[in-house]
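Open the model in your viewer and keep the selection tool at hand. Each stop below says what to select and what is there.

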Amino acid sequence: MSRELNPTQAFWLGHLSYAAALQIPLSAYADTQAVMLADLMAWEKRLIVQGFPVPPRCRPARFVAVEVVV
């Protein structure tokens, strides 16, 4: 059984896909687009629950390895 996206689902999945393609965090994407971060995150969760494939988020490393020379 194949399900089709309705226009609202397609709108939000498009935003999530574009953010993933740009390889930027959703917070940075929301800042550059006319969307709220909370809406992106809510729709990400909703689409996953509804069984639609959602691209993985870009999650930059929080820690960076450094070399200490003594």
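This is a predicted model: local features need pLDDT of at least 70, side-chain atom pairs count only at pLDDT 80 or more; totals for chains, interfaces and linings use all residues.

Residues are numbered from 1 along each chain as its sequence is written, and side-chain values use heavy atoms, with hydrogens and water left out.

**Stop 1: the salt bridge.** Select Arg57 and Glu44, whose side chains meet in a salt bridge at 2.5 Å, N to O. Arg57 lies in the segment after α3 and Glu44 in helix α3, 13 residues apart, so the pair links distant parts of the chain. Helices here are DSSP runs (H or I, at least four residues), numbered from the N terminus. A salt bridge means a side-chain nitrogen of Lys or Arg within 4 Å of a carboxyl oxygen of Asp or Glu. The whole structure has one salt bridge. Is Glu44 buried or exposed? Glu44 counts as buried because its relative accessibility is 10%, whereas Arg57, at 29%, is partly exposed. (Buried is under 20% relative accessible area, exposed over 50%, partly exposed in between, with a 1.4 Å probe and protein chains only.)

**Stop 2: the largest cavity.** On a 1 Å grid over the protein atoms alone, a cavity is a set of points where a 1.4 Å probe fits but cannot get out; a pocket is an open set with protein on both sides within 12 Å along at least five of seven lines; lining residues have an atom within 4 Å of a point. The largest cavity holds about 60 Å³ of space. Helix α1 (residues 7-22) gives the largest share of its lining, three residues.

**Stop 3: the largest pocket.** Select Pro25, Leu26, Ser27, Leu37, Met41, Arg57, Cys58, Arg59, Pro60 and Arg62, which line the largest pocket. About 170 Å³ of space lies there. Helices α2 (26-32) and α3 (37-49) each supply at least two lining residues.

**Stop 4: Leu47.** Select Leu47 in helix α3. Leu47 is buried because its relative accessible area is 0%.

**Stop 5: Val68.** Finish at Val68, in the segment after α3. Val68 counts as exposed because its relative accessibility is 68%.

Definitions and conventions
Grid points are joined across faces, edges and corners, and a volume is the space filled by probe spheres set on the points.
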